[in-house]
Amino acid sequence: MGGGQVTDWQGKRVTVAGLGVSGIPAAKVLHERGALVTVVNDGDDERARAQAAELEALGITVRLGDGATLPEGTELIVTAPGWKPDKPLFAAARVAGVPVWGDVELAWRLRGPDAAPWLAVTGTNGKTTTVQMLASILKAAGLRTAAVGNIGVSLLDAVLGEEQYDVLAVELSSYQLHWAPSLRAHSAVVLNLAPDHLDWHGSMAAYAADKGRIYEGNRVACVYNVADKATEDLVREADVEEGCRAIGFTLGAPAPSQLGVVDGILVDRAFVEDRHKNAQELAEVSDVNPPAPHNIANALAAAALARAFGVPAAAVRDGLRAFTPDAHRIAHVADIDSVAYIDDSKATNTHAAEASLAAYESIVWIAGGLAKGAAFDELVTGAAKRLRGVVLIGADRALIREALTRHAPEVPVVDLDRTDTGAMLQAVQEAKRLAVSGDTVLLAPACASMDMFTNYNKRGDAFAEAVRELGA
């Protein structure tokens, strides 16, 4: 099973690792193509048994409570992206010489000969926003497209469905890239790199290397963040097709082969005639919603990928104007007594929280949750002068409290020793007490939510509900 399309699945013994959003569709698709599919799953709860029954009714073998053993005769493993590389199943696969693909690799191999090219986006933060902006720009140019991958339409559906696309805007996580050895994008961007998911990857170097896979074999443009040298280093190390260009984006004035900002205007000095002398105006900063610095960077990255695909400047402007950000991403909930309440529950790591904190002058910060191996010293040092006060919630709040003690000892801190969902109402009440007119109460937890909530959406909903109660 080399790097090309696989057309004959008949009788191939494929093990699918994990029942879930990617595992179940993968098992069904392979079964339909004649593969002999066995699904293995660590869990054996009521939900898993119901999912297993559905697959077994189709004739697919399912083994619950045993995700460690390699089924006999396995020729390929297709894994859910969340399964860690150090799992015993993969060690057994290495010994047996069995390849391991993720859902992205499977979708890539199942593409037809005339399949739409992929414009791919990864990075620690901003992926979803950038992909949605990109899809909006491509649509404004009259192209048939969809935001797919980690969001929106599933990649398998996009690749195998009835709908014909001209180009796909693809969000890829580091997990997905780890298991996608033959993926080759038209053009791609690594938005930024900061420590995240280190418990999964094992080290920052391994995490960066997986992100960097997105540049392998790019045809037209490898887009990088001028302010984040690590992203440029990944471009230098990538093995790309001849003629592929390195394109930077910056919040400052762009050099040749870059996109940037001049006097409140997004400009392109990369995809223009004689880029040493000329620049093309793309949009105004006010066309970006919201126009926070990190979001302007997202817009420039999306514009760079769209321009690499040949999209005209007017479509960049129209696409950015038409874009509306997701819920829980710097969402303004309410103003109460001249204090703004902002929900950025999607800031699930320190890098996202840093961008959020940089967007406001005087902040009462609500933070905490599951740290996922992160350290908070750098985040607190950078934000210290903007903090009016801090309210801490969640399982790993002590790590943030200790960083505050070290780097912002004068900032008042309320430490809520509770992890029940009702803690959010108390957190918002405490934040209101600390805030004065002109302040921003900012939920930017810098942590994952699963210690208290099902996901960051539920955490954001709880915050918004608490704020509404406050103003009632």
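1. Buried here means under 20% relative accessible area. The model is a predicted one. By that cut-off, 8 of the 8 residues of helix 4 (residues 103-110) are buried, so helix 4 is largely enclosed by the rest of the structure.

2. The buried residues of helix 4 are Asp103, Val104, Glu105, Leu106, Ala107, Trp108, Arg109 and Leu110. Their packing partners include three helices, namely helix 1 (23-32), helix 6 (155-160) and helix 7 (174-178). The strands they pack against are strand 4 (76-79), strand 5 (100-102) and strand 6 (118-122).

3. Strand 18 (residues 387-392) is also largely enclosed by the rest of the structure, because 5 of its 6 residues are buried. Strand 18 pairs with strand 17 (residues 363-367) in the parallel sense, over 5 bridges. Within this pairing, Val391 in strand 18 has Ile366 opposite.

4. Helix 5 (residues 127-140) packs with helix 11 (residues 293-308) at an angle of about 45°, and the two axes lie 8 Å apart. Angles from 65 to 115 degrees count as roughly perpendicular and those under 35 as roughly parallel; helix 5 and helix 11 are therefore oblique to each other. Their crossing is right-handed.

5. On the helix 5 side, the contact with helix 11 is made by Thr129, Thr130, Met133, Leu134 and Ile137. Helix 11 contributes Asn295, Asn298, Ala299, Ala301, Ala302, Ala303, Leu305 and Ala306. The residues of this contact divide into 9 nonpolar and 4 polar, with no charged residue.

Notes: Residues are numbered from 1 along each chain as its sequence is written. This is a predicted model: local features need pLDDT of at least 70, side-chain atom pairs count only at pLDDT 80 or more; totals for chains, interfaces and linings use all residues. Side-chain values use heavy atoms; hydrogens and water are left out. Axes are lines fitted to C-alpha atoms, for helices over the stretch in contact, and angles run from 0 to 180 degrees between N-to-C directions. Helices (H or I, at least four residues) and strands (E, at least two) are DSSP runs, numbered from the N terminus. Angles under 35 degrees count as roughly parallel, over 145 as roughly antiparallel, 65 to 115 as roughly perpendicular and the rest as oblique. A crossing is left-handed if the near helix is turned anticlockwise from the far one by less than a right angle, and right-handed if clockwise. Contact means heavy atoms within 4.5 Å. Ala, Val, Leu, Ile, Met, Phe, Trp, Tyr, Cys and Pro count as nonpolar, Asp, Glu, Lys and Arg as charged, and the others, Gly among them, as polar. Buried means under 20% relative accessible area, exposed over 50%, partly exposed in between (1.4 Å probe, protein chains only). Two strands pair if DSSP finds at least two bridges between them.
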